[in-house]
Amino acid sequence: MLNKVFVKTYPPAPFDEREILRYAGYLGEISPQIQAVLSECIQESKNAFSYRVCFVAVEAETLEKKWKNCGTLIAQRLRGAKYAIVFAGTVGLEIDRLILKEENVSVTKALFLQAIGAERIESLCDAFCEEIQKACKEKGYYAGARFSAGYGDFPLEKQKDIFALLAPQKAIGLTLNDSLLMSPSKSVTAIIPIGEKVCATAYGCKACDKKDCQYKK
């Protein structure tokens, strides 16, 4: 159904320790001591998350017209799309509270909690996108790779348009401040192009030209 906002909750996915370590900047082997801290952080935070998504389906042409002067990426990503899913996802405020609590106690634990939060919101987005892909295939369409405001030359300030479209503050308790920072911090907004032939290449490390990123895969 077009232009109607829906809300979904998800069960927790298994924690991916390799991804957590990557987000934390540990790219090689880790010591038993570091592994113990990681395991402790996972155990302490595993019940801190609530996995919620709100989303709306719109005609792709609507977004193309709205953002026609917003750079080349939006045109590239919506090329071939008939519809688009605009969504916002969050894993809640409790992880922010845990991070804040540890920042003055253990830098290592605070770092791992940050990384766990990043892995959790990505796992939520992946689960949602997989579900959308399956639903699209049943109707003869494909769901392209998600992309967000702030990717490439698509301005971060277009978060305001996304929030106006979704009203996620009411739907899932997600807010945006004047500096374009979201609260809870472990949250994502994104667009998924839908069509018979759409871009399936994720805008990730391969597409990014930043050479010194510690998170690069």
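Helices (H or I, at least four residues) and strands (E, at least two) are DSSP runs, numbered from the N terminus. This is a predicted model, where local features need pLDDT of at least 70 and side-chain atom pairs count only at pLDDT 80 or more, while totals for chains, interfaces and linings use all residues. Residues are numbered from 1 along each chain as its sequence is written, and side-chain values use heavy atoms, with hydrogens and water left out.

**Helix α1 and its packing**

- The axes of α1 (residues 17-24) and α6 come within 8 Å and cross at roughly 125°; axes are lines fitted to C-alpha atoms, for helices over the stretch in contact, with angles running from 0 to 180 degrees between N-to-C directions.
- That angle makes α1 oblique to α6, given that under 35 degrees counts as roughly parallel, over 145 as roughly antiparallel, 65 to 115 as roughly perpendicular and the rest as oblique.
- The α1/α6 crossing is right-handed, a label for the near helix being turned clockwise from the far one by less than a right angle, with anticlockwise giving left-handed.
- Against α2, α1 packs at an angle of about 110°, and the two axes are 12 Å apart.
- This makes α1 roughly perpendicular to α2.
- E17, I20 and L21 from α1 and Q35, L38 and I42 from α2 make that contact.
- I20, L21, R22, Y23 and A24 are the buried residues of α1, where buried means under 20% relative accessible area, exposed over 50% and partly exposed in between (1.4 Å probe, protein chains only).
- The cover over those buried residues includes α2 and α6.
- At the start of α1, a side-chain oxygen of D16 comes to within 3.2 Å of the backbone nitrogen of R18.
- Just after α1, G25 has a positive phi of about 90°.

**Salt bridges**

- A salt bridge is a side-chain nitrogen of Lys or Arg within 4 Å of a carboxyl oxygen of Asp or Glu, and by this rule the count comes to ten.
- E131 and K8 pair through their side chains at 2.6 Å, N to O.
- With E131 in helix α6 (residues 107-138) and K8 in strand β1 (residues 6-10), this pair ties together parts that are 123 residues apart in sequence.
- E131 is partly exposed at 33% relative accessibility, and K8 is partly exposed too, at 27%.
- E44 and K109 form another salt bridge, at 3.0 Å, N to O.
- E44 sits in helix α2 (residues 32-45) and K109 in helix α6, so the pair links parts 65 residues apart in sequence.
- E44 counts as partly exposed at 42% relative accessibility, whereas K109 is buried, with a relative accessible area of 10%.
- R146 and E122 are joined by a salt bridge of 2.6 Å, N to O.
- R146 is in the loop between β4 and α7 and E122 is in helix α6, so this one ties together parts 24 residues apart in sequence.
- Salt bridges that share partners also join E40, E44, E102 and K109 into one network.

- Not counting residues up to four places away in sequence, R146 touches F87, E122, C125, D126, C129, Y151, A190, I191 and I192.

**L73 and its surroundings**

- L73 lies in helix α4 (residues 72-78) and counts as buried, at 5% relative accessibility.
- L73 and F154 are 81 residues apart in sequence, yet 6.1 Å apart in space, C-alpha to C-alpha.
- Leaving aside neighbours within four places in sequence, L73 is in contact with F147, Y151, G152, D153, F154 and Y203.

Key. Contact = heavy atoms within 4.5 Å. Polar contact = N/O pair within 3.5 Å; in protein donor to acceptor, adjacent residues only side chain to side chain.
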